[in-house]
Amino acid sequence: MPSFHFPVMLALAASAFFLCRKGGTKISHALICAGFGFYLADTAVAPSLHNALNSVTGMLGQLG
């Protein structure tokens with residue numbers, strides 16, 4: 001199964017950039033969300049989230 005880390009990371013980075021630029025999101029909000037993501041990746045929930053993300057991207061890949 002291919003890894004979706006890089007495309008997802010790019011999509012999230014682009015989303016954060018455009019939200020900061022056009023959506024009125026402050027840099028501090030984006031940094032807090034990024035910090036929460038890094039914290040969440042260190043918890044026991046991370047494997048479940050990773051599997052769920054792979055399942056969703058796999059389903060989306062089959063649709064297109």
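Trainee: What makes helix 2 hardly covered?

Mentor: Count its buried residues. This is a predicted model, and among the 15 residues of helix 2 the count of buried ones is 0. Buried means under 20% relative accessible area.

Trainee: What span should helix 3 have?

Mentor: Helix 3 covers residues 46-63, which is 18 residues. At 1.5 Å a residue they should span 26 Å. The end C-alpha atoms are 26 Å apart, so this agrees too.

Trainee: Which residues of helix 3 are buried?

Mentor: Ala46, Asn54 and Thr57.

Trainee: Why are they said to line one face of helix 3?

Mentor: Look down the helix axis. The buried residues fall within an arc of 70°, so they line one face. They pack against helix 2, residues 27-41. On the other side of helix 3, Met59, Gln62 and Leu63 are exposed.

Trainee: Why is Val56 called partly exposed?

Mentor: Val56 sits in helix 3. Its relative accessible area is 41%. Buried needs under 20% and exposed needs over 50%. The value lies in between, so Val56 is partly exposed.

Trainee: What patch does Val56 form with Met59, Leu60 and Leu63?

Mentor: A nonpolar one on the surface. Together the four residues have about 440 Å² of accessible area.

Trainee: And the whole protein: how many helices and strands does it have?

Mentor: It has 3 helices and 0 strands. Along the sequence the pattern reads α-α-α. Buried residues make up 5% of its 64 residues. The protein exposes about 5,400 Å², and carbon and sulfur atoms supply 73% of that.

How values were computed:
Residues numbered from 1 in each chain as written. Predicted model: local features only at pLDDT ≥ 70, side-chain atom pairs only at ≥ 80, totals over all residues. Heavy atoms only, no water. Helix = DSSP H or I, 4+ residues; strand = E, 2+ residues; numbered from the N terminus. Expected span 1.5 Å × (residues − 1). Buried < 20%, exposed > 50% of the residue type's maximum accessible area, 1.4 Å probe, protein only. Arc of directions from axis to C-beta. Contact = heavy atoms within 4.5 Å. Patch = residues over 30% accessible without salt bridge, like charges linked within 9 Å, V, L, I, M, F, W, Y side chains within 5 Å. Areas by Shrake-Rupley, 256 points an atom, 1.4 Å probe, with all protein chains shown as cover. Salt bridge = Lys/Arg side-chain N within 4 Å of Asp/Glu carboxyl O.
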